[in-house]
Amino acid sequence: MPYNTATVATRTPATSPWLPLVLVLAALAAPLLRADHTLAQANFRVTWSVEKTGPTHVELAGVVVNESSQDALDVYVTAAAVDASGKILARGIAFVAPQIPRRSAEFSARVPNVRGTTAFRVSVSNFRFGLGRGESP
């Protein structure tokens, strides 16, 4: 037996007429944003070597060179252990430096030691360009 026999009218939520346009613009802008990040990655050169291999981790040491005319701020690298087919088996993220002007900074990154690893890949994974601390525009 129903508690209430009253008829209730429901209405569907209104959608904005701008929603389709916003979605299309977002889809078109996504590759452009990725392209800007890819171009910015070209401003870095990363060299590294395996320093130490232990039972649980591999330690990589290297240098990030900022070849841009702008300071690179809050720079991180991602080191990945890969197998023979290029599949990523493990990752390690390391902070490089709060600021890298047009020069280089050393880093050390640890990656889990995973069976099947045949190589490592290291790349700058996070940064932003801008004026260094204490500088005025």
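## Exercises on a predicted chain

Along the sequence, the protein chain shows the pattern α-β-β-β-β-β-β. The model is predicted.

### Exercise 1: the chain as a whole

Determine how many helices and strands the protein chain has, and what percentage of its residues count as buried.

Solution. 
- Step 1. The secondary structure comes to 1 helix and 6 strands.
- Step 2. The chain has 137 residues, and 26% of them count as buried.
- Step 3. The accessible surface of the chain is about 9,800 Å². Carbon and sulfur atoms make up 58% of that surface.
- Step 4. Among contacts in the chain with a separation of 6 or more, 67% are between residues 24 or more positions apart.

### Exercise 2: the sheet

Work out the order of the strands in the open sheet and state how they pair.

Solution. 
- Step 1. The open sheet has 3 strands, in the order S4-S3-S6, with antiparallel pairing.
- Step 2. Strand S4 (88-100) and strand S6 (119-130) are the edge strands, each pairing on one side only.
- Step 3. From one strand to the next, the twist averages 20°.
- Step 4. S3 and S4 run antiparallel and are joined by 10 bridges.
- Step 5. In general, strands of a sheet pair through backbone hydrogen bonds, in either a parallel or an antiparallel way.

### Exercise 3: Thr78

Decide whether Thr78 is buried or exposed, and find the residue whose side chain makes a polar contact with the side chain of Thr78.

Solution. 
- Step 1. Thr78 lies in strand S3, which covers residues 71-82.
- Step 2. The relative accessible area of Thr78 is 15%. Buried means under 20%, so Thr78 is buried.
- Step 3. The side chains of Thr78 and Ser125 are joined by a polar contact of 2.7 Å.
- Step 4. Leaving out residues up to four places away in sequence, Thr78 touches Arg91, Gly92, Ile93, Arg121, Val122, Ser123 and Ser125.

### Exercise 4: Ile100

Find the relative accessible area of Ile100 and classify the residue as buried or exposed.

Solution. 
- Step 1. Ile100 lies in strand S4.
- Step 2. With a relative accessible area of 0%, Ile100 falls under the 20% cut-off and is therefore buried.
- Step 3. Beyond its neighbours within four places in sequence, Ile100 contacts residues including Val64, Asp71, Ala72, Val75 and Ala105.
- Step 4. Ile100 and Phe127 are 27 residues apart in sequence, with a C-alpha to C-alpha distance of 10.0 Å.

Notes. Residues are numbered from 1 along each chain as its sequence is written. This is a predicted model: local features need pLDDT of at least 70, side-chain atom pairs count only at pLDDT 80 or more; totals for chains, interfaces and linings use all residues. Side-chain values use heavy atoms; hydrogens and water are left out. Helices (H or I, at least four residues) and strands (E, at least two) are DSSP runs, numbered from the N terminus. Buried means under 20% relative accessible area, exposed over 50%, partly exposed in between (1.4 Å probe, protein chains only). A polar contact is a pair of N or O atoms within 3.5 Å; within protein, one must be able to donate a hydrogen and the other to accept it, and residues adjacent in sequence count only if both atoms are side-chain atoms. Contact means heavy atoms within 4.5 Å. Two strands pair if DSSP finds at least two bridges between them. Axes are lines fitted to C-alpha atoms, for helices over the stretch in contact, and angles run from 0 to 180 degrees between N-to-C directions. Accessible areas come from the Shrake-Rupley method with a 1.4 Å probe; for residues, only the protein chains shown count as cover.
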